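Q: I would like to learn how to read helix packing, sheet order and chain contacts in a model. Could you take me through them one at a time?

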Amino acid sequence: MLESILKKPTAAELYMRLRRGRAGNIIVLFVVVQALAILCGIVFPGNFRYLDQGNIQLMLKAIPSLAITALGVNLLMIAGEFDLSVGATFTFTALVMAKIFNAHMPLGIAVLAALALGAAIGFLNGLIVVKTNVPSFIVTLGSMWFWRGIILIISQAVTESFYPSAFFTQLFTLNVGPMQIQFLWALLIAMLCWFFLERHKVGNFFFGVGGNRNAASALGVNVGRVKIIAFVITGFLTAFAGIMSTVRINSISPIQGEGLELQAIAACVIGGTALMGGRGTILGAFLGAALMFTIQDILLLLQAPGFYLRMFVGIVIVIAAALNEMLKKE
Amino acid sequence: MPDTKGSRKDGARTPYIELKNITHDYGAVRALDDVSFWVLPGEIVGLVGDNGAGKSTLIKIISGVLHPTRGEMIVGGRKARFDSARAAMERGIETIYQDMNLIDVMDIMRNIFFGRELTHPLGFLKVKEMKKRAMDVLEKEITIEGIRSPHQRVGNLSGGQKQAVAIARAMFFKNQVLLLDEPTSALSVRETQAFLNHIMHLRDEGLSVVIVTHNLYHAYQVADRFVILSHGKKLADTPREGTSAEELIKIIVGN
């Protein structure tokens with residue numbers, strides 16, 4: 001045992017150690033896809049513009065909204081629940097922010113209202129799930145339709161513009177090297193999520209509650225409260241992602257964020273998060289979201305028609321899930 | 001011969017737990033009928049009886065999972081009415097059930113500390129300290145065959161190893177009373193011996209242990225006293241000294 005640690009590991013051993021790690025599959029998958037794309041970008045710089053600065057910037061802009069939403073959904077899935085209403089929450093909270101701001105209220109109040117609303121929607125979802133014992137899949141399906149309806153009522157199906165102060169805009173769109181600052185926001189939130197999940201007591205409860213609900217309860221953990229906390233975090237992070245996206249494009253359309261709930265779940269599943277709860281990593285969810293955009297980008301660069309994109313994302317989800325099943329059995 | 005009335009004869013020591021005339025009904029079914037039960041500090045009690053005797057019900061009442069229909073419970077000299085398993089744990093009563101309440105997706109260290117994590121003031125985990133203490137338990141208190149690191153996932157362990165982790169967890173939080181529900185059912189012969197040695201070691205340190213078991217021979221190796229239940233009634237309450245295992249079995253099957 002000790003010898004194997006002291007001995008310098010071979011490349012094969014390093015690879016096996018990586019594969020056995022909790023986020024092993026997604027790291028390997030991500031690196032392979034990136035390496036292939038970069039290689040093609042070097043070999044065919046004229047045809048496959050993967051390494052063009054413009055392309056890299058575009059990708060780094062696209063990732064943060066999904067990544068931040070997926071981080072919240074990931075925490076919730078680890079705690080054993082789903083949230084299908086994040087797409088609606090994303091749009092509704094941003095719309096409320098824009099409406100408040102456009103009614104000449106202070107920006108700070110508009111932003112705080114949006115974040116509080118996101119958390120409140122999460123709280124309501126969680127409370128209904130915990131009190132009624134109806135599966136969260138159903139509760140949040142209802143929640144999704146409900147908030148989508150409210151969105152249409154208050155927006156009158158019209159896109160709302162949002163032009164906040166220059167300072168606030170810079171907070172999310174300032175260029176830092178090849179990326180916009182919002183990518184750094186996503187990294188920061190990922191790190192906070194990691195500390196919470198891996199180094200905080202309540203994060204630890206998420207794994208326990210999702211992994212073995214009865215045991216967690218018998219060991220004195222309030223399962224309902226833990227689940228509600230997970231829903232609140234998901235709602236809050238989704239609202240944050242919605243605000244960020246709205247600042248970037250200066251408007252919020254009522255159909256924005258449609259399908260985001262499934263994209264977020266897909267990112268988590270690709271990243272190795274278990275549908276039944278108890279398993280998942282922050283790195284996995286983040287790379288899962290990044291991988292979805294990488295594949296999208298590669299297909300666009302290959303000038304594949306748009307509908308190929310969904311096909312490929314579909315294939316990747318199934319392959320990633322199959323790899324994770326294999327890892328579980330090892 | 002065994003005393004069947006259940007009056008307490010050991011006047012010298014006060015029981016840590018005392019149940020007085022407990023009756024428990026599940027709807028129309030009477031699971032316990034006027035049973036009195038106590039555990040002295042530093043005593044191992046074997047709670048034995050056939051299926052449906054009421055052993056599990058009695059354990060569940062002591063561990064805070066069930067409220068008795070009638071009767072009272074005194075713990076540590078105070079009247080007790082536990083609202084949850086947590087409340088019982090806080091009064092020093094730790095239970096290991098047959099299903100062990102382990103979380104398969106987590107490693108050994110996190111299982112040992114689950115629900116009672118060592119934390120900094122804001123709730124952040126003291127991972128290094130938990131790891132060190134978990135190592136200590138695994139190396140000194142209960143050595144588990146085939147376990148090298150507190151970071152092994154519990155889901156990958158054998159039934160015996162899992163049971164040992166559950167026992168290590170219970171031992172780690174030095175409680176006054178340990179309730180064990182069929183503790184040896186998933187252990188190998190060697191693991192069973194190691195386990196029984198640990199139990200005696202804990203008694204020598206002043207801990208009380210209640211072992212619920214079908215396997216009278218395992219209990220007979222360690223128990224100081226036997227309480228035999230049958231159909232919800234206390235049939236006998238007898239010290240091991242002066243009673244053979246065969247006599248005990250006769251009482252269990254005899255009626």
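Q: In which hand does α13(A) pass α14(A)?
A: A crossing is called left-handed if the near helix is turned anticlockwise from the far one by less than a right angle, and right-handed if clockwise; here α13(A) passes α14(A) in a right-handed crossing. This is a predicted model, in which local features need pLDDT of at least 70 and side-chain atom pairs count only at pLDDT 80 or more, while totals for chains, interfaces and linings use all residues. Residues are numbered from 1 along each chain as its sequence is written, and chains are lettered from A and ligands numbered from 1 in the order in which they are written.

Q: At what angle do helix α13 and helix α14 of chain A pack, and which residues make the contact?
A: Helices (H or I, at least four residues) and strands (E, at least two) are DSSP runs numbered from the N terminus, and axes are lines fitted to C-alpha atoms, for helices over the stretch in contact, with angles from 0 to 180 degrees between N-to-C directions. In chain A, α13 (residues 260-270) and α14 (residues 282-301) pack at about 115°, their axes 7 Å apart. Residues are in contact if their C-beta atoms, placed from the backbone, lie within 7 Å; α13(A) contributes Gln263(A), Ala266(A), Ala267(A), Cys268(A) and Ile270(A), and α14(A) contributes Ala285(A), Gly288(A), Ala289(A), Leu291(A) and Met292(A).

Q: In what order do the 6 strands of the open sheet in chain B lie?
A: Two strands pair if DSSP finds at least two bridges between them, and in chain B the order is β6-β7-β8-β3-β9-β10, with mixed pairing. The edge strands, each pairing on one side only, are β6 (93-96) and β10 (233-239) of chain B. Neighbouring strands of this sheet are turned by 15° against each other on average, direction ignored.

Q: In which sense do β3 and β8 of chain B pair, and what packs on the sheet?
A: Strand β3 (residues 44-48) and strand β8 (residues 208-213) of chain B pair in the parallel sense over 5 bridges, with Ile211(B) in β8(B) as the bridge partner of Gly46(B). Helix α1 (residues 55-62) of chain B packs on the sheet, its direction making about 150° with that of β7(B), and helix α6 (residues 189-204) of chain B also packs on the sheet, touching β3, β7 and β8 of chain B.

Q: How many residues of chain B are in contact with chain A?
A: On the chain B side there are 19, in contact with 18 residues of chain A; the largest share of that side, 3 residues, comes from helix α2 (residues 85-90) of chain B.

Methods: Contact = placed C-beta atoms within 7 Å.
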